Amino acid sequence: MNAPWPIHAEDALRSPSTDETPAVTITDVRKTFAARGDSKEVHALQDVSLSVRRGTIVGVIGRSGAGKSTLIRLVNGLEKPSSGRVVVNNADITELSEAALRQIRRRIGMIFQHFNLLSSRTVFDNVALPLEIAGASRAEIRKAVAPLLDLVGLSDKRDRYPSELSGGQKQRVGIARALATQPSLLLSDEATSALDPETTDQILALLKKINSELGLTILFITHEMAVVKALADRVAVIESGRIVEEGTTFEVFSSPRHEVTRRFVSVVEGVQVPEWLKSHLKADRAAGASDVLHVVFKGDEGQKLLFQLSRQFDIEPRLLDGRVESIAGQTVGAFSIAFQASPELSGTIVKYLTDAGSRVEHLGYVT
Amino acid sequence: MSPEILIMIAWSTLDTLWMVGLSGLLGTLIGVPLGVFLATSGPGELFAAPTANRLVGLIVNATRSTPFIILVVAIIPFTRLVAGTSIGTRAATVPLTVAAIPFIARIIEAAIREVDQGLVETARAFGATPLQIVRKVLLPEALPAITLALTLTVVSLLGYSAMVGAVGGGGLGDLGIRYGYQRFMPDVMLVVVLVLIVLVQGVQTFGDRLARRLDKRARHR
């Protein structure tokens, strides 16, 4: 029943796929869980569409209960949609038989929040599990597992049991196991949510490395914006079973449109005028008052804006708050400033900043 | 105590071990798959067969709620059919096995249900067939619990085997009743009880040690 799985050492480092069809296409998917007992019918997903390009990393962010777990389980058919289509590697998995689905699953890796390692197996045997399932021979397994343990830096732990490992090490085993059958797609279900920040960074770096070196497509779900920021090329924001916003990580971070996204994206939105100043803000301009602006900018050029202002307009802007972040390799930042200027000059400055591509908000005046 | 009595005690001990060993083995061979079936055939589970699940559950419960001494008598025609006789150690293994099967099935079911469902989902995500999930995930992960469960079964069977003595089953129970009780030989009774205590202690200690060795969940030092 199990087709032998050809494993070749030279395949371990593959170049990114050149196939242009998406790795995953989810189209108009609804998922409704039937009413059971006292609980009402649950609409876990409603009209969800999402596409994952090969070789990219896509993150789905949402609060718990937003439907992201259901969404990721659609991709390997652990959940069946109530309606809509899910196409993975050109196969419509909503139409496949359980047996055909199993073959597809053997080419999709998955990692989990609680690692889900078998306590009765050593590190080596845990990594070997998907290969055993796929019907690989002992020799093939031996040949495939060693380089994977090397890749995740756990060669010295091969005969240890999961109970002897730290959380970060367990997730490394989980990653090695997910890569065992050389999948083209990796699903990550809150893979770093049970880890401390430092370990999280190490795991994210490892995932990033796998993506760039092996050309692996990664679809992950998380509730942490920091994870999206560090990992994702594109991000979809899910709320109450609907995708409310989708775009490149940079777009979504630098100009979040939906209210839910704004709450997640505290990076930019978090830069505000300090509380003490807020209480002094007036809506009307009094004599000798300063204008207060909140400016969000993108790109390296934006980092020069503040200094260009003082040179161009002969003002001495006072920096109230500011922050610069690098998201998906691009710069985004925000600052709040106060400066004294005539109403005309103030208008010119706002226009100057807007023309430079920033989002400007005139907050009011302080004396 | 005369040498004849001592030899009788030795033979009875062997009889008991043989009865318990054989019924334990047969009970395990049938009870474990049955327990796996009970644990995996509920609605929405691996081998979902809710009707069969309920039917098997019903039979298991019926057997388990029959007092053992009644069961021994009630299935005498069946015993005669299988063993060719209804008296002696060979015959006694039949009701012992019949009692062991549902007992084992239920505790194996409980042991398997203790396995983290996340592991089952993980194996499914890697494309495992239901049978692979049983073989590679459920049984190995439940093995320490299964070992303890089978230890408990053997201890219970030692007790049951003494009961079949009352209906001519042979073994230590038979010896205790006929000599210790009916012939007023309290020293024989005492030795029988002591041998049973030693057997139970031995089995329990062995089972505990084995389970601990198999359990990789705790940190090893």
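**From domains to cores**

In chain A, 10 residues of domain 1 are in contact with 10 residues of domain 2, where contact is taken to mean that the C-beta atoms of two residues, placed from the backbone, lie within 7 Å. On the side of domain 1 of chain A that touches domain 2 of chain A, α8 (249-254) and α10 (266-269) of chain A each supply at least two residues, and α8(A) gives the most, with four residues. The residues of this side of domain 1 divide into three nonpolar, five polar and two charged; here Ala, Val, Leu, Ile, Met, Phe, Trp, Tyr, Cys and Pro count as nonpolar, Asp, Glu, Lys and Arg as charged, and the others, Gly among them, as polar. Domain 1 of chain A covers 9-267 and domain 2 covers 270-366, with bounds that come from an automatic or database domain assignment. The C-alpha centres of these two domains lie 41 Å apart.

This is a predicted model, in which local features need pLDDT of at least 70 and side-chain atom pairs count only at pLDDT 80 or more, whereas totals for chains, interfaces and linings use all residues. Residues are numbered from 1 along each chain as its sequence is written, and chains are lettered from A and ligands numbered from 1 in the order in which they are written.

Chain A as a whole holds 14 helices and 14 strands, which are DSSP runs numbered from the N terminus (helices H or I, at least four residues; strands E, at least two). Taken along the principal axes, the C-alpha atoms of chain A fill a box of roughly 85 × 50 × 40 Å. Of the 367 residues in chain A, 44% are buried, a residue being buried if 20 or more other C-beta atoms lie within 10 Å of its own, exposed if 12 or fewer, and partly exposed in between, with C-beta atoms placed from the backbone.

Helix α6 of chain A (residues 197-214) can be followed in detail. Its 18 residues should span 26 Å at 1.5 Å a residue, and the end C-alpha atoms are 25 Å apart, which agrees; the expected span is 1.5 Å times one less than the number of residues. Within α6(A), the residues A:Thr200, A:Ile203, A:Leu207, A:Ile210 and A:Leu214 are buried. Seen down the axis of α6(A), the buried residues fall within an arc of 95°, so they line one face of the helix; the arc is that of the directions from the helix axis to the C-beta atoms. What covers these buried residues includes α5 (167-179), β8 (217-222) and α7 (225-231) of chain A. The face turned away from the buried side of α6(A) carries the exposed residues A:Pro197, A:Glu198, A:Ala205, A:Lys209 and A:Ser212. Just after α6(A), A:Gly215 takes a positive phi of about 70°.

The largest nonpolar core has 143 residues, of which A:Val127, A:Leu148, A:Ala176, A:Leu219 and B:Ile108 touch the most other members; such a core is a set of buried Ala, Val, Leu, Ile, Met, Phe, Trp, Tyr and Cys residues joined through C-beta atoms within 7 Å. Helix α7 (residues 130-164) of chain B gives the most to this core, with 17 residues. Apart from this core lies another, of 13 residues, among them A:Val295, A:Leu309, A:Ala334 and A:Ile337.

The contact between the chains takes 21 residues from chain B and 21 residues from chain A. On the side of chain B that touches chain A, the elements that give two or more residues are α6 (117-125) and α7 of chain B.
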